[in-house]
Amino acid sequence: YTRGTVKAFSPFDARADAEALRKAMKGMGTDEETVLKILTSRNNSQRQEIASAFKTLFGRDLVDDLKSELSGKFETLMVSLMRPTYIFDAHALKHAIKGAGTNEKVLIEILASRTPAEVRNIKQVYLQEYEANLEDKITGETSGHFQRLLVVLLQANRDPDGHVDEALVEQDAQVLFRAGELKWGTDEEKFITILGTRSISHLRRVFDKYMTISGFQIEETIDRETSGDLEKLLLAVVKCVRSIPAYFAETLYYSMKGAGTDDDTLIRVMVSRSEIDLLDIRQELRKNFAKSLHQMIQKDTSGDYRKALLLLCGGDDE
């Protein structure tokens with residue numbers, strides 16, 4: 001059961017697809033249309049089979065060929081689609097912490113939105129693929145309360161969902177109220193511990209209770225009481241606790257809203273959620289921003305890059 005827009009293609013023939021792709025990229029000029037149609041209509045595991053068939057038939061690496069035949073954002077999108085699912089997040093994090101400056105946006109998006117099981121998997125893959133410890137890498141590049149909350153999330157020890165204890169809900173809501181609104185200065189540690197370790201269903205109740213006690217949404221308090229990367233991370237965690245699809249709908253909306261497009265975010269979210277919950281994300285975007293994802297992509301992108309994104313998006317939500 002998935003709420004993705006991309007499903008396994010049937011009837012699937014990896015060799016026929018490999019042959020069609022080779023033909024599309026062979027000789028002078030490239031038939032981009034064929035490339036984008038095939039790669040956006042197969043799911044990730046089928047794309048891996050195509051890559052394997054491509055190597056078997058032609059002794060060539062499909063990703064290398066895509067890189068040499070395509071360019072720009074369209075190339076980035078096609079290469080991202082070819083990245084095996086299990087390695088996608090680890091790869092994004094690796095590039096976010098590489099070289100000069102850290103891309104905090106990527107750290108925030110991935111670590112706030114992935115389940116504990118997904119985070120454990122990311123750490124394992126990171127170690128296997130890059131022979132490095134993800135936590136060490138992240139602590140080396142971040143600091144302060146922002147770093148501490150990232151480390152808490154990296155432990156992937158959030159309480160599992162189960163029976164919600166109303167007394168503890170009341171207590172956590174009071175603790176957050178005292179740590180934020182009632183305190184001169186903010187006790188960030190309380191926010192980090194509670195938001196980083198309590199179960200999702202517990203936290204949803206805490207947010208309701210917090211509103212009752214304080215008269216504020218927890219987001220408003222975080223907005224007023226914290227700043228910088230810590231604020232962005234706390235807000236992302238709260239939004240993902242409330243609804244992961246709504247969080248990604250907002251992420252996509254702001255990647256395209258206003259002047260210029262944040263193409264890296266647009267590509268990362270479209271590719272990583274295409275087999276998981278992009279249908280739900282589309283619905284949330286429609287509901288919360290009165291815009292359709294399809295129309296936003298249509299307006300904000302162009303060429304083969306646009307064609308491919310629209311196919312990944314699936315339908316239009318009028």
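This report walks through the overall build of the protein and then a few of its residues.

## About the model

What you're looking at is a predicted model, where local features need pLDDT of at least 70, side-chain atom pairs count only at pLDDT 80 or more, and totals for chains, interfaces and linings use all residues. Residues are numbered from 1 along each chain as its sequence is written, and side-chain values use heavy atoms, with hydrogens and water left out.

## The overall build

The protein has 20 helices and zero strands (DSSP runs numbered from the N terminus: H or I of at least four residues for helices, E of at least two for strands). Its radius of gyration is 21 Å, close to the 20 Å that the globule rule gives for 318 residues, so the protein is as compact as a globular protein of that length. That radius is taken over C-alpha atoms, and the rule is 2.2 Å times the number of residues to the power 0.38. The C-alpha trace spans about 70 × 45 × 40 Å along its principal axes.

Of the 318 residues, 48% count as buried (under 20% relative accessible area; exposed is over 50% and partly exposed lies in between, with a 1.4 Å probe and protein chains only).

## One side of helix α14

Which residues of α14 are buried? In this helix, residues 218-225, they are Ile-218, Glu-219, Thr-221 and Ile-222. They sit on the same side of α14, because they cover an arc of only 160 degrees around the axis, judged by the directions from the helix axis to the C-beta atoms. Their cover includes α11 (166-179), α12 (188-197), α13 (200-214) and α15 (228-242).

## Leu-107 in α7

Leu-107 belongs to helix α7 (residues 104-113) and is buried, with a relative accessible area of 0%. Setting aside neighbours within four places in sequence, Leu-107 has contacts including Leu-93, Ile-138 and Leu-150.

Most residues other than glycine have a negative phi, and most peptide bonds are trans. Ala-156, though, has a positive phi near 55 degrees; it lies in the loop between α10 (144-154) and α11 and is buried at 5% relative accessible area. Ala-290 also has a positive phi, near 50 degrees, but counts as exposed at 61% relative accessibility. Its place is the loop between α18 (278-289) and α19 (293-300).

Then there's the cis peptide bond joining Ser-10 and Pro-11, with omega about 0 degrees. Pro-11 is in the segment before α1 (14-25).

How values were computed
Contact = heavy atoms within 4.5 Å.
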